[in-house]
Amino acid sequence: MIQQFKDKIELYAYQTIKEGKIECGDSYYYTATDEYFVCVLADGLGSGQYAHEASAAVVSVVEQHHHEDVDTLMKYCNNILVQKRGAAVSIFKVYFETREFVYSCVGNIRFFLYASNGKLTYPLPVTGYLSGKPQVFHTQRFVYEPESKFLIYSDGFDNIHGAKTILKGYRSVAAIAEQIKNEYANSMDDATFIVGSLL
């Protein structure tokens, strides 16, 4: 379903559950204020109940504290996973006035930011996962252009190739989402993607 926030961002989120499971090990959350948009995607280790418990805990803590900066949110996420399964976690925050994009990720979640001038930004994640143990974060900042698009996805969609080709041009968020759903469906793992346009 297409959602639009504050006439500044439009996005589409899609999620499927691993075949044979009743709970998804991936969880996500996003919201916007007048100042910023924030999004978190968490992929609990494995699948099923305990993976869901871990990713849902991450989403809950970001929902409660989304006003905090990205580094602080990543620390909260790590702390909440003590004695839980663990999770790959990606958080980004978009500041509308300064057109700044702040991104941090630990684990195998992929993120692409495509500018209208053709530049593709692919911040490298920190390998591993959050589990409550001491963790170094690599938070990166970018300035984005109007009409930039982004794509973030869990490893259930790891068969996606050519992100730049998917995001380029003047295609709508809905058209991009339909292409990913039709060409890269995967029932062998929990799978989530979120595609958006910064207006």
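Predicted model: local features only at pLDDT ≥ 70, side-chain atom pairs only at ≥ 80, totals over all residues.
Cysteines come first. A disulfide is a covalent bond between the sulfur atoms of two cysteines, and the count here comes to zero. Take Cys 39: the nearest cysteine sulfur belongs to Cys 105 and sits 11 Å away. Since a disulfide needs two cysteine sulfur atoms within 2.5 Å, Cys 39 is in no disulfide.

On to the charged side chains. Side chains of opposite charge can pair when their charged atoms come close. Two salt bridges turn up in the structure.

One of them joins Glu 100 and Arg 141, with 3.1 Å from N to O. This pair ties together distant parts of the chain, 41 residues apart: Glu 100 belongs to strand β6 (residues 100-106), while Arg 141 belongs to strand β9 (residues 140-143). Glu 100 is partly exposed, at 22% relative accessibility, whereas Arg 141 is exposed, with a relative accessible area of 56%.

The other salt bridge brings Glu 178 and Lys 181 together, at 3.0 Å from N to O. Here both partners lie in helix α4 (residues 173-183). Because they are three residues apart in that helix, about one helical turn separates Glu 178 from Lys 181. As for accessibility, Glu 178 counts as partly exposed, at 33%.

Notes
Residues numbered from 1 in each chain as written. Heavy atoms only, no water. Salt bridge = Lys/Arg side-chain N within 4 Å of Asp/Glu carboxyl O. Helix = DSSP H or I, 4+ residues; strand = E, 2+ residues; numbered from the N terminus. Buried < 20%, exposed > 50% of the residue type's maximum accessible area, 1.4 Å probe, protein only.
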